[in-house]
Amino acid sequence: MQEVSQELLQSFRAPAYPGSLFLSFEGIEGAGKSSQLKRTTEYLEEKGYRVLVLREPGGTTFGERLRKAILETNKELHPLAEAHLFASARAQLLYEVVMKELEKGGTAIICDRYIDSSLAYQGIGRNLGFNAILQMHSLFPLNLVPHLTFYFRIDLETSYARQKMRNAPKDYFESQGGEFYKKLIAGYDKAAEIFPNRIKTIDGNRDMETVFSDVRSLLDQLIHSINTNSGQA
Ligand SMILES: Nc1ncnc2c1ncn2[C@@H]1O[C@H](COP(=O)(O)OP(=O)(O)OP(=O)(O)O)[C@@H](O)[C@H]1O
Ligand SMILES: [Mg+2]
């Protein structure tokens, strides 16, 4: 894997809106993102946050149209077309929703997938490399990254077993083979390595309650540090 540019890494920062949280959930299909999102939403609401869950790509009218375009395409897209499409939906989401909502204190925004999906899927899965994806996100507002990212790490076997259980028709990415999934796992692992403070790797192979107890303790730590450091994680 290519060397990641340290200069590019310096471009990224968490938004500094006092009292608000920006979170993302990552992992391959079946990792447990949606399940853990529900629990996390309830937990943060109990703590008094106004929680907004956003899915990527999507979350805006423009983004939902792009989501439909990519998930329903019956032709393989060029990796650059894919990468720019996701980045484009993300920029609009930041501009139209994320920044405006975070500005109002006491908001928790949770993104079901964010920049690390681009690093894993297009950077490694589609061989564009990390630097190309980081470069694409290095300008404001795409350089805004979550305070905390939960990476639910599961084995290929767990992913297959859960996909089978769910028995839903496969979308654009889900119809890829095992080699592709192995690349995604390697991509996420690499993302966690280059963003060690932001990305927390959680073993998602375990039962939902055990996984959530890890999520909860990380959230508690984050909230504590934000409250004592005036908004900077
Ligand atoms: N820790 C767990 N143990 C057992 N089953 C789980 C666990 N987490 C999730 N599942 C089940 O696995 C399936 C996939 O979980 P979920 O939808 O939360 O994953 P996801 O990461 O959101 O997947 P996708 O990327 O496809 O949206 C669901 O049927 C869910 O009930
Ligand atoms: Mg999901």
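Me: Which residue in S4 stands opposite Glu26?
Reply: This is a predicted model, so take the pairing as a prediction. Strand S1 covers residues 21-26 and strand S4 covers residues 148-153, and they pair in the parallel sense over four bridges. Across from Glu26, on the S4 side, you'll find Tyr151.

Me: Which strands stand at the edges of the sheet?
Reply: The open sheet has five strands, with parallel pairing, in the order S2-S3-S1-S4-S5. An edge strand here has a single partner, so one of its sides is left without a neighbour in the sheet.

Me: What does the twist average from one strand to the next?
Reply: Picture going across the sheet in the order S2-S3-S1-S4-S5. From one strand to the next, the twist averages 20 degrees.

Me: About what angle does the direction of helix H4 make with that of S3?
Reply: Helix H4 (residues 79-103) packs on the sheet, where it touches S1, S2 and strand S3 (107-112). Compare its direction with that of S3 and you get about 150 degrees.

Me: How many of the six residues of S3 are buried?
Reply: S3 has partners on record in this sheet: S1 pairs with it in the parallel sense over five bridges, and six bridges join it to S2, also running parallel. Leu23 has Ile110 in S3 as its bridge partner, while Leu54 is bridged to Cys111. S3 is largely enclosed by the rest of the structure, because the count of its buried residues is five.

Me: Which helices give two or more residues to the shell around ligand 1?
Reply: The shell has 14 residues, and the closest are Gly32, Lys33, Ser34, Ser35 and Arg162. By class, it's four nonpolar, five polar and five charged. The elements that give two or more residues are H2 (33-46), H7 (156-166) and H9 (208-228).

Me: What radius of gyration does the protein chain have?
Reply: The chain has nine helices and five strands, and its C-alpha trace spans about 45 × 40 × 35 Å along the principal axes. For 233 residues, a compact globule would come out near 17 Å. The chain agrees with that, at 17 Å.

Me: What percentage of the residues in the protein chain are buried?
Reply: Among contacts between residues at least 6 apart in sequence, 83% join residues at least 24 apart. As for burial, the share of the 233 residues that count as buried is 34%.

Notes: Residues numbered from 1 in each chain as written. Chains lettered and ligands numbered in written order. Predicted model: local features only at pLDDT ≥ 70, side-chain atom pairs only at ≥ 80, totals over all residues. Pairing = 2+ DSSP bridges. Axes fitted to C-alpha atoms, helices over the stretch in contact; angles between N-to-C directions. Contact = placed C-beta atoms within 7 Å. Buried ≥ 20, exposed ≤ 12 C-beta atoms within 10 Å, placed from the backbone. Near = placed C-beta within 6 Å. Nonpolar A, V, L, I, M, F, W, Y, C, P; charged D, E, K, R; others polar. Rg over C-alpha atoms; globule rule 2.2 N^0.38 Å.
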